[in-house]
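Please read it alongside the structure shown here.

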Amino acid sequence: MLSFFFDHEGLLLIDFLEHGARVNAQLYSETLTKLRKAMKPKHPSKISRGVILLHDNARPHTAKAAKELLQKFKWKVLSHPPYSPDLSPCDFHMFGEIQKAVRGQQFQKDDEIKEHVHIWFKQQPKVFLRAWH
């Protein structure tokens with residue numbers, strides 16, 4: 001499983017879930033902590049001014065532990081309305097393109113596909129991410 005975070009300037013974090021791991025509030029909180037660490041050197045002023053995350057309505061995103069961490073970070077959440085689909089439009093766009101990029105490929109190890117996805121993201125023009133920001 002893949003989580004990624006980006007802003008109008010580019011990719012901030014790509015995070016792969018280990019086999020058998022389940023997305024829960026603790027795991028999502030760990031991902032948010034990784035995101036904060038990844039953002040610090042790139043955008044120190046954004047960290048201090050606050051971040052706004054676009055969230056879908058998945059349980060880990062709305063769990064008490066995640067909300068408390070976001071409050072601690074002084075980050076705000078732009079939530080989808082309750083009637084929206086689980087995936088945001090940018091997720092449909094991104095994951096569709098990633099699926100096209102790996103279709104027909106043979107990977108022997110998890111690290112190979114991770115590297116392929118990292119390279120794919122780096123090859124995307126900035127306008128690709130801005131279109132869905």
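**Surroundings of His43**

1. Leaving aside neighbours within four places in sequence, His43 is in contact (heavy atoms within 4.5 Å) with Asp7, Glu9 and Leu12. The side chain of His43 makes a polar contact with the side chain of Asp7 at 3.2 Å; such a contact is a pair of N or O atoms within 3.5 Å, and within protein one must be able to donate a hydrogen and the other to accept it, while residues adjacent in sequence count only if both atoms are side-chain atoms.

2. This is a predicted model, in which local features need pLDDT of at least 70 and side-chain atom pairs count only at pLDDT 80 or more, whereas totals for chains, interfaces and linings use all residues. Residues are numbered from 1 along each chain as its sequence is written, and side-chain values use heavy atoms, with hydrogens and water left out.

3. His43 is found in the loop between helix H1 (25–42) and helix H2 (44–49); helices (H or I, at least four residues) and strands (E, at least two) are DSSP runs numbered from the N terminus. His43 counts as buried because its relative accessibility is 8%, buried meaning under 20% relative accessible area (1.4 Å probe, protein chains only).

4. The chain has 7 helices and 4 strands, and their order along the sequence is β-β-α-α-β-α-α-β-α-α-α.

5. Of the 133 residues in the chain, 38% are buried. Among contacts in the chain with a separation of 6 or more, 61% come from residues 24 or more positions apart.

Definitions and conventions: Buried means under 20% relative accessible area, exposed over 50%, partly exposed in between (1.4 Å probe, protein chains only).
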